[in-house]
Amino acid sequence: MKKCVKCSQKAVVHLPHHRLALCKEHYVEWFENRVEKTIRSFRMFSEEDRVLVAVSGGKDSLGVWHALWKLGYIADGLHINLGIGDYSELSERKTRAFAERIGRELHVISLREHIADIPTLKDLQDRPACSVCGTLKRYYMNHTAKKLGYSVVITGHNLDDECAVLMGNVLSWNLDYMARQYPVLEEGKGFVRKVKPLCLITEKESALYAFLSNIDFVEDECPYALGASSIDYKLVMASIEEKSPGTKLRFYSEFIRKVRPMLVAKQDVKLNACRVCGEPTTGDVCSVCRLKMKLQAQKVS
Ligand code: Q46
Ligand code: ZN
Ligand code: ZN
């Protein structure tokens, strides 16, 4: 029987890549310390910032909100209801219940009221649901945070998510996207700052924290998640990790340390304010306003 390295009680968690065995209480403490250290080492935000957590109802976003609450940070939540049938209804319900449990304010917006639900937009666009969904989530996170006076948006992206994105970008050598992959996306040019305090925490570690903290999260995957290429990349990374613990952490953190600084120096993206809504865009009218126009044209015809 493995013993906790901190207190010698029975260990419930074994983290081979950190060479750690921990009991429940010390695992929760380890996780929260790691979140705190990540926030500090990347200077994600300070006490003057007003912080908004983007919460989907899944383990990662509710977990990071819970950890921030335990660490004494004041952070409110933002839930975007995507209008994906029962999945979205359950996600909103669990997010509302969690906000009540920790006594923090939750803002809820519905895509159906702002533009249209994801199934409708997916049909309109003939693009994968996740691509239009990702664009809209980024847009409304930024737009809502600015409107409500928050200076920082926190997302629950974990190490597995970051590795999958990095692998996708490496496989197509998308240097512009690689240059933008960092745990902190600075504010400016119409964007609020966006940060990822779970970027050094694996999906398994995050799930375990949620479970041990009795967080009631949505366990079902979004029905559109199947078939996303990120799932294939995650499976590949998982099998390498199994044989060589620590590979994910090395792949991501060494990219951040060694490769990204070389790419950033070459980046120069010009952004304008969208002619219709004022949000940042590389063109004249942003992709969300173009989507709205397309929807309007479809209604008229
Ligand atoms: S919610 Fe949206 Fe995800 Fe569903 S449609 Fe794809 S991106 S899978 S995190
Ligand atoms: Zn212990
Ligand atoms: Zn616009």
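Guide: Asp117 and Thr120 are joined by a side-chain polar contact of 2.5 Å. Keep in mind that this is a predicted model.

Visitor: Where is Asp117 found?
Guide: In the loop between helix H4 (111–114) and helix H5 (118–125).

Visitor: Is Asp117 buried or exposed?
Guide: Buried. Its relative accessibility is 12%, and the cut-off for buried is under 20%.

Visitor: What is Asp117 in contact with, leaving aside neighbours within four places in sequence?
Guide: Leu82, Gly83 and Arg112. Leu82 also turns up around ligand 1.

Visitor: OK, ligand 1 then. Which residues surround it?
Guide: Leu82, Cys130, Cys133, Lys137, Cys222, Tyr224 and Ala225.

Visitor: How many of that shell are nonpolar, polar and charged?
Guide: Six are nonpolar, none is polar and one is charged.

Visitor: Switching to metals. What coordinates the zinc ion (ligand 2)?
Guide: Cys4 (SG), Cys7 (SG), Cys23 (SG) and His26 (ND1) do, at 2.1 to 2.3 Å. Cys4 sits in the segment before strand S1 (13–15), while His26 is in helix H1 (residues 24–41). This pair is 22 residues apart and links distant parts of the chain.

Visitor: Why is the arrangement around ligand 2 tetrahedral?
Guide: Because the four donor atoms subtend angles of 98 to 114 degrees. To count as tetrahedral, all angles must lie between 85 and 135 degrees.

Visitor: And the ideal angle for four tetrahedral donors is what?
Guide: 109.5 degrees.

Visitor: What spacing do the donors of ligand 2 follow?
Guide: C-x2-C-x15-C-x2-H along the chain.

Visitor: Are Cys4 and His26 buried or exposed?
Guide: Cys4 is buried, with a relative accessible area of 3%. His26 is buried too, at 12%.

Visitor: Now the zinc ion (ligand 3). Which are its protein donors?
Guide: Cys274 (SG), Cys277 (SG), Cys286 (SG) and Cys289 (SG), lying 2.3 Å from the ion. Their spacing along the chain is C-x2-C-x8-C-x2-C.

Visitor: What geometry does the ligand 3 site have?
Guide: Tetrahedral, with angles of 106 to 113 degrees among the four donor atoms.

Visitor: Buried or exposed: what about Cys286 and Cys277?
Guide: Cys286 is buried, at 3% relative accessible area. Cys277 counts as partly exposed, because its relative accessibility is 27%.

Methods:
Residues are numbered from 1 along each chain as its sequence is written. Chains are lettered from A and ligands numbered from 1 in the order in which they are written. This is a predicted model: local features need pLDDT of at least 70, side-chain atom pairs count only at pLDDT 80 or more; totals for chains, interfaces and linings use all residues. Side-chain values use heavy atoms; hydrogens and water are left out. A residue is near a molecule or strand if one of its heavy atoms lies within 4 Å of it. Ala, Val, Leu, Ile, Met, Phe, Trp, Tyr, Cys and Pro count as nonpolar, Asp, Glu, Lys and Arg as charged, and the others, Gly among them, as polar. Donors are N, O and S atoms within 2.8 Å of the metal (3.2 Å for Na, K and Ca); water is not among the atoms, so sites may look incomplete. Four donors count as tetrahedral if all angles lie between 85 and 135 degrees; four count as square planar and six as octahedral if opposite donors are over 155 degrees apart and all others between 65 and 115; anything else is irregular. Buried means under 20% relative accessible area, exposed over 50%, partly exposed in between (1.4 Å probe, protein chains only). Helices (H or I, at least four residues) and strands (E, at least two) are DSSP runs, numbered from the N terminus. A polar contact is a pair of N or O atoms within 3.5 Å; within protein, one must be able to donate a hydrogen and the other to accept it, and residues adjacent in sequence count only if both atoms are side-chain atoms. Contact means heavy atoms within 4.5 Å.
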